[in-house]
Amino acid sequence: MGKVKLEIVKFSPEKPFDVENFYCGRPELDHFLKKQLAAQHAANVLKAYLLVTDDDIPEVMGFYTIAGGSYAKSTMTRQYQKQVPHRETACITLGRLAVDKRIAGRGMGTQLVLHALRIAYAAADAVGIYAVMVEAKDETLVPFYRDKMGFIPLKTETGEYKFFIPVTSIAALL
């Protein structure tokens, strides 16, 4: 793929996007983009943001989804448990994140996460949100969220790879 200008835009059902050639290496994420994203976005289950080319009909090269959520205070380390008064902690969940294989390894996943953190940071100014939470699909993604992006592991009993980052820590990343 040659030099292409990319930008992150909010999904809109009124705007056409080319998703036909999107391939991230995870069939469930490819399928979600092509068959489920529009309906879930329209139903307000989540909001989706797309990394697109500047073509007349923008081609999707990556995407992420965010939604409101919560997680159990008991899954946090004691240091953070002290900061939260309730059993459940309000958060924004960074749901799905995918980058097309054609541009993988160029920092686009990082850019998508930073964009999501900007959205969460702005939302936290309007409503009470303690953190952004994410669940990595498998252990290969743990270094990305924990080491590169600064997310903090949550305790889980079922072997899930869940992480959070307090909203107060986001400003330093932006």
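Reply: Happy to! A residue is called buried under 20% relative accessible area, exposed over 50% and partly exposed in between, with a 1.4 Å probe and protein chains only. This is a predicted model, so local features need pLDDT of at least 70 and side-chain atom pairs count only at pLDDT 80 or more, while totals for chains, interfaces and linings use all residues. Residues are numbered from 1 along each chain as its sequence is written, and side-chain values use heavy atoms, leaving out hydrogens and water.

Of the 174 residues in the protein chain, 43% are buried. The chain has five helices and seven strands, where helices (H or I, at least four residues) and strands (E, at least two) are DSSP runs numbered from the N terminus. Along the sequence their order reads β-α-β-β-α-β-α-β-α-β-β-α.

The part I would pick is strand β2, residues 47-53. Because six of its seven residues are buried, β2 is largely enclosed by the rest of the structure. Its antiparallel neighbour is β1 (residues 6-10), joined to β2 by five bridges; strands pair if DSSP finds at least two bridges between them. One of the residue pairs is K10 with its bridge partner Y49 in β2. In a regular strand, side chains alternate between the two faces of the sheet.

As for the wider fold, consider contacts (heavy atoms within 4.5 Å). Among those between residues at least 6 apart in sequence, 66% join residues at least 24 apart.
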